[in-house]
Amino acid sequence: CSSDLFNQSHWVIRDLETSGGNPHGIHISGDAAATLSYFRISNVSVHDVKGVATTKQSGLIEISPAHGSATVIDDVVIDGATVFNTEQWKGIHVGCANGIFPARNPGRIIIRNSRASNIAGDGITIYACSNGLIENNVSYDIGTASTDAVGTPNAIWTWACANCIVQFNEGFRSHSPAADGGIFDIDWGSSRTTVQYNYGHDADGYCVAIFGAWGLITTNSIVRYNICANNGQS
């Protein structure tokens, strides 16, 4: 079964195991012109979500506004999640806004002490948020999709993220059906993002990348104190 919350706030989900569901395991979303805030997910195991990805808004733990909506997601903490086994796209994901710029969410977006593995697409991601923190996680055996029809994945990365930190994580055996297939990525539209004290190894692609695209630049990135080994395997 899966757990779904829509246009709701102030939820604590903890000490829970879900198996199955399609296309999500735990799914939090909304389409109200409002800010949905305060979500705490801790000590959960989410696995074996069914189906094959046709969109990036699918996966094991997926928190993001409905497509085309003005909803903002704020104040999220995911701590101690173990997610694995799906041909849907995401392992653990938080997106704060529907668009290509960081939301001005005042609260923190935190993913920590978690593990993502055996996933068709991305391992652990934050999109279009401010004040993001990804720390003390492990992501491996991701990017198993057979085509790039939905996208090209990485293990642990941020996109259009402002004032975000990625630290003390490990990523390895990251794959892709085309480009990417890397571990850590500061992706386009990001500003003031730091990737530090991480270990990335044995990826098909890169260890750490910084990108801009579609005329959007990435600014003030810091990459320091990381260990990279045996990447670029394909």
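Strands (E, at least two residues) and helices (H or I, at least four) are DSSP runs, numbered from the N terminus. The model is predicted: local features need pLDDT of at least 70, side-chain atom pairs count only at pLDDT 80 or more, and totals for chains, interfaces and linings use all residues. Residues are numbered from 1 along each chain as its sequence is written, and side-chain values use heavy atoms, leaving out hydrogens and water.

Start with the loops. Tyr 225 sits in the loop between strand E20 (222-224) and strand E21 (227-229). Its phi is positive, near 60°, and the residue is not a glycine. Tyr 225 is exposed, at 55% relative accessibility. Here buried means under 20% relative accessible area, exposed over 50%, and partly exposed in between (1.4 Å probe, protein chains only).

Asp 202 also has a positive phi, of about 60°. The loop between strand E18 (199-201) and strand E19 (208-210) holds Asp 202. This residue is partly exposed, with a relative accessible area of 32%.

Next comes a cis peptide bond, from Asn 22 to Pro 23, with omega near 10°. Pro 23 lies between strand E2 (11-19) and strand E3 (24-29), in the loop. Most peptide bonds are trans, and most residues other than glycine have a negative phi.

A nonpolar core is a set of buried Ala, Val, Leu, Ile, Met, Phe, Trp, Tyr and Cys residues joined through side-chain atoms within 4.5 Å. The largest has 41 residues; Ile 41, Ile 61, Ile 63 and Ile 78 have the most contacts inside it. Strand E4 (residues 35-52) gives this core its largest share, 6 residues. A second, separate core of 7 residues includes Trp 157, Trp 159, Ala 160 and Trp 188.
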